[in-house]
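Me: I'm new to this one. Can you walk me through the helices and the charged pairs?

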Amino acid sequence: MTDPLGPTGHPTLDTTAVRLLDAAVPGVPDAGPHDPRLRLLVPHALALLGHIGGPSATDALAVATRLAVALHRTGDYLLAWETARNAADLAQRHLGADHRTVLAARSRAGRALFRLGRYAEAEAALRAIRDAQERLFGADDPDTTDSGYGLQLALANLGRREESVALLRDTVAGRRSALGPAHPLTLRARAGLLEMLPAADVVTEEGGALLTLPSECEHVLGPDHTVTLGARHNHAWALYLLGRFDEADREIRQAAETYERRFGPECPIVLAARQLLSRTRAALGHTEEGIALMTDVVERRDRGLGPERPFTVASRNLLDAYRSGRWRP
C-alpha cells in the first residue's frame, strides 16, 4: 500500500506533501481536549521525514514539531514526546545535530518528558539543548528562551527553586527583548513568575506590576485567550499564598469554569485549576467541598496519567491530608 504522503524523491512532490501535512496540523496549537485526529497524522509526518531530503526536510520537520506541540497541548504527552523525538532523529540525518529546527524538535521532546514526570531526564535534555542554542543563536533568541522556559519548569519540580526563578527571570528578559513586552510568550513567562515566586516577592516584583498582569493580558490578548486564563490561574495561586483566600477562591473558580467549558473536564489544566479551587474552599472552611473536588481530581488523574505519575501522587497526598485533618492552608 502506498503512503498517501509517502516517498517521492521529487522536489515538487515533496513540497506538495509537506503542504498537505501543514494544512492538516493546527496553525497555532492551543490547549484543548484530546483530539484523536491528531494521532492519525503522526505516521504520515514520520513517513514523510523518513523519505524526504533537501530543503523540504526542514519544512517537514517544522510541521512535525508543530504536530507534537498540538499533541502536547491536548494532553497527549507520550505521543508528543515520541513524535518530536523520532522526527528529530529522522531529520538529523539530512540537517545535522546543530540545525535550528532539529534543536527545536528536541526541545519540544524535552518539554513532553517534563509532563511525563521524567524531570531529571527533561532537565538534562533541555539544559544541553539550551546550551547549544545559546552558543549558536544567542541568549535572547526565541528558541533559546523557549528551551529555558521548559528547563525552569523541570528545575522547579526537582526542588531547585532558586535556579528555576533565576532562569525564568532570564526568560522574561530575553522574550521581552526579542519579541516585545506584549507578545503572548512574554506575557506567559511573566505569568510563570506569579506561580513560582514566594508571596513576599510577588508583591514587589516589577514594582508591584506583576499582580496586575491578568488585567494587562486581558487588555492585550482578550479575556478568553489561553495566556490570559493562565495568568488568572497563577494570579489566584499568588493570592492564595498571600492569604487572600476569598479573592483567590473567586478567581480560580471563574478560571476553572472557563477552562472546563473550553477544554472539557479531563484536560490537565482543568484538573490543576480544580486542585487549587479545592485548596481555597478548604482554606475558607469548606473542607468537605475540598475533599469532593480532590477526589474527582485524583480519579481523573489516575485514569489520564496513571497512579504513579508525580502529579497524581501529589494530588493523592493532598486528598489524604484533607481527610486526616493534617492539612493547613
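This is a predicted model: local features need pLDDT of at least 70, side-chain atom pairs count only at pLDDT 80 or more; totals for chains, interfaces and linings use all residues.

Me: How many salt bridges does a search of the whole structure find?

Reply: The search finds 32 salt bridges. A salt bridge here is a side-chain nitrogen of Lys or Arg within 4 Å of a carboxyl oxygen of Asp or Glu. Side chains of opposite charge can pair when their charged atoms come close.

Me: Which residue forms a salt bridge with Arg169?

Reply: Glu205 does. The closest N and O atoms are 2.7 Å apart. The pair links distant parts of the chain, 36 residues apart. Arg169 is in helix α8 (residues 161–179), and Glu205 is in the loop between α10 (199–204) and α11 (213–221). Helices are DSSP runs of H or I with at least four residues, numbered from the N terminus.

Me: Is Glu205 buried or exposed?

Reply: Glu205 is buried, with a relative accessible area of 13%. Arg169 is partly exposed, at 35%. Buried means under 20% relative accessible area, exposed means over 50%, and partly exposed is in between (1.4 Å probe, protein chains only).

Me: What about Glu251, which residue does its side chain meet in a salt bridge?

Reply: Arg232, at 3.1 Å from N to O. Glu251 lies in helix α13 (residues 245–263) and Arg232 in helix α12 (residues 226–241), so the pair ties together parts that are 19 residues apart in sequence. Glu251 is buried, with a relative accessible area of 11%.

Me: And Arg281, what is it paired with?

Reply: Arg281 forms a salt bridge with Glu289. The closest N and O atoms are 3.1 Å apart. Arg281 counts as buried, at 12% relative accessibility. Glu289 is partly exposed, at 31%.

Me: Which residues are linked in a network of salt bridges?

Reply: Glu260, Glu266, Arg274, Asp296, Arg300 and Arg303 are linked that way.

Me: Switching to helices. How do α4 and α5 cross?

Reply: Helix α4 (residues 77–95) and helix α5 (residues 100–115) have axes that come within 8 Å and cross at roughly 160°. Axes are lines fitted to C-alpha atoms, for helices over the stretch in contact, and angles run from 0 to 180 degrees between N-to-C directions. The two helices are therefore roughly antiparallel. Angles under 35 degrees count as roughly parallel, over 145 as roughly antiparallel, 65 to 115 as roughly perpendicular and the rest as oblique.

Me: Which residues in α4 and α5 meet?

Reply: On the α4 side, they include Tyr77, Trp81, Ala84 and Leu95. On the α5 side, Val102, Ala105 and Leu113 are among them. Contact means heavy atoms within 4.5 Å. By class, this contact has 12 nonpolar, one polar and five charged residues. Ala, Val, Leu, Ile, Met, Phe, Trp, Tyr, Cys and Pro count as nonpolar, Asp, Glu, Lys and Arg as charged, and the others, Gly among them, as polar.

Me: What about α9 and α12, at what angle do they cross?

Reply: Roughly 15°, with the axes of helix α9 (residues 184–196) and α12 coming within 8 Å. That makes α9 roughly parallel to α12. Leu187, Ala191 and Leu194 are among the α9 residues that meet α12, where the partners include Val227, Trp237 and Ala238. The classes here are eight nonpolar, three polar and two charged residues.

Me: Now some single residues. Where is Thr83, and what is it in contact with?

Reply: Thr83 lies in helix α4. Thr83 is buried, with a relative accessible area of 1%. Leaving aside neighbours within four places in sequence, Thr83 is in contact with Val42, Leu46, Ala64, Ala68 and Leu71.

Me: And Ala57, which helix is that in?

Reply: Ala57 is found in helix α3 (residues 56–73). Ala57 counts as buried, at 1% relative accessibility. Beyond neighbours within four places in sequence, Ala57 is in contact with Leu49, Ile52 and Leu95.

Technical notes: Residues are numbered from 1 along each chain as its sequence is written. Side-chain values use heavy atoms; hydrogens and water are left out.
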